[in-house]
Amino acid sequence: MKPALRSAIDQAFLQADQALAIRDPQRAWPWLERAHILTQRMPLLHTRSHWLMLLAGWQQGDYREVLGQAMRMPAALLFSRIWVPLGNSGRARISAFQPMPLSEEMRQLLD
């Protein structure tokens, strides 16, 4: 893994963890989505992003998000290396199969 990608992933998880620790899921979501996109092809880290999204949904009382993330965690473990919809934010209200546009910065990190 490129050092820049590893650093970006670590930062995204750190920021999300800190926001969730103070029960501020709104602040955590952008970092969780970033972590999700950056780790989509890494089964364990990809699953971690969904676990943290489940926790954020729980903190918000958004049970649709919690259920959606619970269903995505096994899929992340099983399919991350086979196929992922590039750029997908990982949120439960977005189709798990829908690719989404990437910023230039994200594209460079993932190349």
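Author: Start with Gln 40, whose side chain reaches the backbone oxygen of Pro 85 at 3.0 Å. That is a polar contact, meaning a pair of N or O atoms within 3.5 Å, where within protein one must be able to donate a hydrogen and the other to accept it, and residues adjacent in sequence count only if both atoms are side-chain atoms. A quick note on the source: this is a predicted model, where local features need pLDDT of at least 70, side-chain atom pairs count only at pLDDT 80 or more, and totals for chains, interfaces and linings use all residues. Residues are numbered from 1 along each chain as its sequence is written, and side-chain values use heavy atoms, with hydrogens and water left out.

Where is Gln 40? You'll find Gln 40 in the loop between α2 and α3; helices here are DSSP runs of H or I, at least four residues, numbered from the N terminus. With a relative accessible area of 2%, Gln 40 is buried (buried is under 20%, exposed over 50%, partly exposed in between, using a 1.4 Å probe and protein chains only). Setting aside neighbours within four places in sequence, Gln 40 is in contact (heavy atoms within 4.5 Å) with His 46, Ser 80, Val 84, Pro 85, Leu 86, Gly 87 and Asn 88. Gln 60, by comparison, is 20 residues from Gln 40 in sequence and 24 Å from it in space, C-alpha to C-alpha.

Now look at Trp 83. Trp 83 and Phe 97 form a stacked aromatic pair, with 6.3 Å centre to centre and 20° between the planes. Rings of Phe, Tyr and Trp (its six-membered ring) pair if their centres lie within 6.5 Å; planes under 30 degrees apart count as stacked, over 60 as edge-to-face and the rest as tilted. Both Trp 83 and Phe 97 lie in the loop between α4 (63-79) and α5, so their pairing ties together parts that are 14 residues apart in sequence. Trp 83 is partly exposed at 44% relative accessibility, while Phe 97 is exposed at 62%.

Finally, there's Phe 13. The charged end of Arg 48 sits over the Phe 13 ring, 4.0 Å from its centre; for that label, NZ of Lys or CZ of Arg must be within 6 Å of the ring centre and within 35 degrees of the ring normal. Beyond its neighbours within four places in sequence, Phe 13 is in contact with residues including Ala 35, Leu 45 and Leu 52.

Definitions and conventions:
Helix = DSSP H or I, 4+ residues; strand = E, 2+ residues; numbered from the N terminus.
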